[in-house]
Amino acid sequence: MSTRSEVLKHLNLVGLLQPALHVPQHAPYPDAIDHSLYRAYLRSSHDVGGEPDVPIAWEEKQEEQWELNTFATCECLGWRGVWNAEERRRRQNVDLGQTQYLGLPYYGRWLLTAARILVDKQYVTLTELVNKIEEVKKRHEQKSAR
Amino acid sequence: MSDKHKEDEHGHRPPAPMVDEVSDFEVLEMAVRELAIEKGLFSAEDHRRWTEYVHSLGPLPAARLVAKAWLDPAYKKLAVADGVKASLEVGVDWINSPPTGFGTPSDYCNLRVLEDTPKVKHVVVCTLCSCYPRPILGNSPEWYRTPNYRRRLVRWPRQVLAEFGLQLPPDVEIRVADSNQKTRYIVLPTRPAGTEGWTEDQLAEIVTRDCLIGVAVPKPGIKANAKRTVHPAVHPVHHDH
Amino acid sequence: MSKSQHDRTHHAKKATGKGDPQCFKGEAGPAKFKVGDRVRIRDLPDIFYTRCQVYTRGALGTVAAVVYESPAAEDEAWDNTDKPEWFYSVKFQQKDLWPDYPDLYANDTVETEFSERWLEKA
């Protein structure tokens, strides 16, 4: 897919990512936010115990190599003092925000969080990260379809 | 010709994927790992060692802990009072076994063994994420990590356990342990009838991972978790040995 | 350009050979609660991060165990580890958490851990 067609597809798709509370006006006036809504928007996304949900089929999953690599990366970052696990959980399970929390795969969040800590603690500039991603992409001649 | 390459109604075929196609996640994973190593945050050797450590983990030590506890009341008392000390006897040193020398970053060093009785059945969840006693049990199953399990087990435990095939009389206390902080739990189920005179090995064989989480109970002849759909990986973990 | 300096060695220095939470032993001072105490879970603001589950807030429970000393998760999540607290395992009757929990299963419970700041004497 060309960059332009990917961009156009992206613009249509992000429009579908709405706050789960369907409201007619985004960025509402302050007086439209009562205490319950304030609490809802500030909720820690990971705190799901007791929320209603439907029965699902309980499944196992075969692990991807990249998932195992991600897990080892995150633990090595903890081992070598870049972060502690609680910092990781805070970033990975709450800071990412409600949409990414429920929308991304489990290890997708671990991975994004590992990338983010490198930039946040200035071990890597965002420029370096972006360039490295490009370099890796070129190395693997990635199709943009996935 | 596979379905993937069938012509649609306009006579077009979808583009054939490259043999070695990588996903956005795989690209980012490589980028992060390479940068971390380039910047000296950890070494390639560190990463390899951690991968090896993960490969060494599984549910067998926890199963043996339970079998030992069934055979030795004094060991059972120790297991309930001090899970970390009891783990040493099944070859798991929560502090020194991991490469760090101070425990794993994510699993800490505070195992609590939850003893089932005829009147109390334990079952474990981490409603906030998916905390799990990896050093003695291996990695968590996919269903344990789902928001669905984490939402429902703590409020509708009997419904969820019924979905796992476990139903208990109303007077039995179902105690849900929500591992939300540094403690990690395994369940010590009650020893089933029909195992009189069994060896430790025979007993350990029927203590499955699902029994140790608490969604199943050990039964003579049942040596594996219940059969479930396994979602396949696109590029599964390859084992070098 | 300003560049923050991060000490990547502090936890390894503190915890090697000891483990975590063992490495915080003795740092929290006297425990405020003991086994058997009836406690209510405080509804402190959970802005930005909490590991005190909302489903427990305002509920009445019983201290089942005094478990270990550690920085509260809310502080450890920003690597602020100077003020460890005592942690407690608290048990709740399901019927005290959920108004619609069936009377038939009156014995059912939930047990979970709290750092001391989240508890007040009931």
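Which handedness, left-handed or right-handed, does the crossing of α3(A) and α6(A) have? The crossing of these two helices is left-handed, a term for a near helix turned anticlockwise from the far one by less than a right angle, with clockwise giving right-handed.

This is a predicted model, where local features need pLDDT of at least 70, side-chain atom pairs count only at pLDDT 80 or more, and totals for chains, interfaces and linings use all residues. Residues are numbered from 1 along each chain as its sequence is written, while chains are lettered from A and ligands numbered from 1 in the order in which they are written.

**Two helix pairs**

Helices (H or I, at least four residues) and strands (E, at least two) are DSSP runs, numbered from the N terminus. Two packed helices are described by the angle between their axes and the distance between the axes. Here the axes are lines fitted to C-alpha atoms, for helices over the stretch in contact, and angles run from 0 to 180 degrees between N-to-C directions.

| Helix pair | Angle | Axis distance |
|---|---|---|
| α3(A) and α6(A) | roughly 40 degrees | within 9 Å |
| α3(B) and α4(B) | about 130 degrees | 5 Å |

The angle makes α3(A) oblique to α6(A). α3(B) and α4(B) are likewise oblique to each other. Angles under 35 degrees count as roughly parallel, over 145 as roughly antiparallel, 65 to 115 as roughly perpendicular and the rest as oblique.

In chain A, E67(A), T70(A), F71(A), T73(A), C74(A) and L77(A) of α3(A) meet Y107(A), W110(A), L111(A), A114(A) and I117(A) of α6(A). By class, this contact has eight nonpolar, two polar and one charged residues. Ala, Val, Leu, Ile, Met, Phe, Trp, Tyr, Cys and Pro count as nonpolar, Asp, Glu, Lys and Arg as charged, and the others, Gly among them, as polar.

In chain B, α3(B) passes α4(B) in a left-handed crossing. L65(B), K68(B) and A69(B) of α3(B) make the contact with Y75(B), K76(B) and A79(B) of α4(B). That contact has four nonpolar, no polar and two charged residues.

**A covered helix in chain A**

How many of the eleven residues of helix α4 of chain A are buried? Ten of them are, leaving the helix, residues 85-95, mostly covered. Buried residues have 20 or more other C-beta atoms within 10 Å of their own, exposed ones 12 or fewer, and partly exposed ones fall in between, with C-beta atoms placed from the backbone. What covers α4(A) includes α3, α5 and α6 of chain A together with α2 of chain C. After α4(A) comes G97(A), whose phi is positive, near 95 degrees.

Chain B has eleven helices and five strands, and buried residues make up 49% of its 241 residues. It is divided into domain 1 (23-55) and domain 2 (58-213), with bounds from an automatic or database domain assignment. The centres of the two domains, taken over C-alpha atoms, are 30 Å apart.

In chain B, 59 residues are in contact with 55 residues of chain A, contact being C-beta atoms, placed from the backbone, within 7 Å. The largest share of this side of chain B, 13 residues, comes from α1(B). By class, the side has 30 nonpolar, twelve polar and 17 charged residues.

Finally, A162(B) sits in helix α9 (residues 157-163) of chain B. A162(B) counts as partly exposed because 13 C-beta neighbours lie inside 10 Å.

Conventions: Contact = placed C-beta atoms within 7 Å.
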